[in-house]
Amino acid sequence: MTELMNDLTDLSSDLSGTHDAARAYELDRAHVFHSWSAQAEISPMVITRAEGSHVWDGAGRCYLDFTSQLVFTNLGHQHPRIVAAIQEQAATLCTVAPAFANGTRSEAARLIASHTPGDLDHVFFTNGGADANEHAVRMARLHTGRHKVLTTYRSYHGGTHLAVNMTGDPRRWASDHGSTGTVHFFGPFLYRSAFHATTEAEECQRALEHLEQVVALEGPSTVAAIVLEAIPGTAGIMVPPPGYLAGVREICDRHGIVLVADEVMSGFGRSGRWFAVEHGDVTPDLLTFAKGVNSGYVPLGGVAISDEIHATFAHRAYPGGLTYSGHPLACAAAVATIRTMEDDDLVGRADRLGAEVIGPGLLALAEKHAWIGEVRGTGAFWAVELVSDRETREPLAPYGGSSPEVSAVVKGCQERGMLPFSNFNRIHVVPPLTTTDDEAREGLAILDAALAAAAG
């Protein structure tokens, strides 16, 4: 009888959960306006709970999360230390205006500064990555007295007006009115080289020569900043060739240009380093962050500022701020995240996961599947370039769009219990840094099966 009652309780719970999920979907479609979407053409999955590397949909089905959502749950879902820190902070001080000093905010800034390179010891907190990039550019413009900002094609810097104009992918097009002082150039990408390069060394040299020419033609005295994703994220996870970041640093130094490293996606262990600029042994003047700083549990971003730029505003008011700058709940989550990363060596774990599991696993898939043109990445930050022809490198989906083939791969992954991250002709492998080796192998096996089924 006890077992029967337990079964009935479980069934009742399942039915209740299904009902709640149906209601959530109904209200979503009636009232929620989704980003980057044609509203009448989407059918969003209802997520009811999550834990570790997994999420559950409204029907109770479990999925391995190979997306880290939008590449931000670096410590996975519902990490107990982060949840407890938020709860403790909420019980003590839920919120306070940014003009006041607060212990949680101060400790979060100290911890962030303890891991940023060089003298990036001052932190301006924002609500996310887009406004971090907006404020970094504002600081650079005020510091230099110049206006132009150079960014690469194949980049993403955020959805606010300046940030989306800095962006170098098709999401910019609808909002680009040529009014933000942004200029785009080609960054290094050997697989689809704009410079007819055949080696990493050639790609690096020619990309730097190209940037030098763009700076010269735009007028060095007009350029306030060069903003680079240390490793481009949604644009394709193109790890810069050795020497490229150092070369950009030299160009900036020679012309008095502020170098801004956008580490919104690549920072806080994602690339197998605290920050991806460490792969190039470079210290930028400003470094923007968000996402992994607190695993996205409460919105938080920021700008890490060098001593020189900080001094610009020592006796001159910085004309900018946000109501929720350094929100205590968000900063409590950041403190718990960073301390957990330190205690559990999650940066080293991500480095090893990429070197020993994800990288070799993806290269093995490339040997099996003709659709895989290239595998690239580092840490827990990888992209699989899908092509219809390896010789011509014709993308399996057009730039700025999708295709039935790529959609079939995505659907195949979901049907087999894995959430994939897709963008144009690529599948990105970006699981939480806490993902176990076995979970990573499971995800790769699902991708293997989905590719095989989609290719027929």
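Helices here are DSSP runs of H or I with at least four residues, strands are runs of E with at least two, and both are numbered from the N terminus. The model is predicted: local features need pLDDT of at least 70, side-chain atom pairs count only at pLDDT 80 or more, and totals for chains, interfaces and linings use all residues. Residues are numbered from 1 along each chain as its sequence is written, and side-chain values use heavy atoms, with hydrogens and water left out.

Start at Gly 456. This residue sits just after α13 and takes a positive phi of about 75°.

Step back to α13, residues 437-455. Buried residues (under 20% relative accessible area, 1.4 Å probe, protein chains only; exposed is over 50%, partly exposed in between) include Leu 444, Leu 447 and Leu 451.

Next, select Phe 268 and Phe 289. Rings of Phe, Tyr and Trp (its six-membered ring) pair if their centres lie within 6.5 Å; planes under 30 degrees apart are stacked, over 60 edge-to-face, the rest tilted. The count comes to eight aromatic pairs. Phe 268 and Phe 289 are edge-to-face, 5.9 Å centre to centre with 75° between the planes. Phe 268 lies in the loop between β8 and β9, and Phe 289 in strand β9. Both are buried.

Finish at Arg 49. Its charged end sits over the ring of Trp 56, 3.9 Å from the centre (CZ of Arg or NZ of Lys within 6 Å of the ring centre and within 35 degrees of the ring normal).
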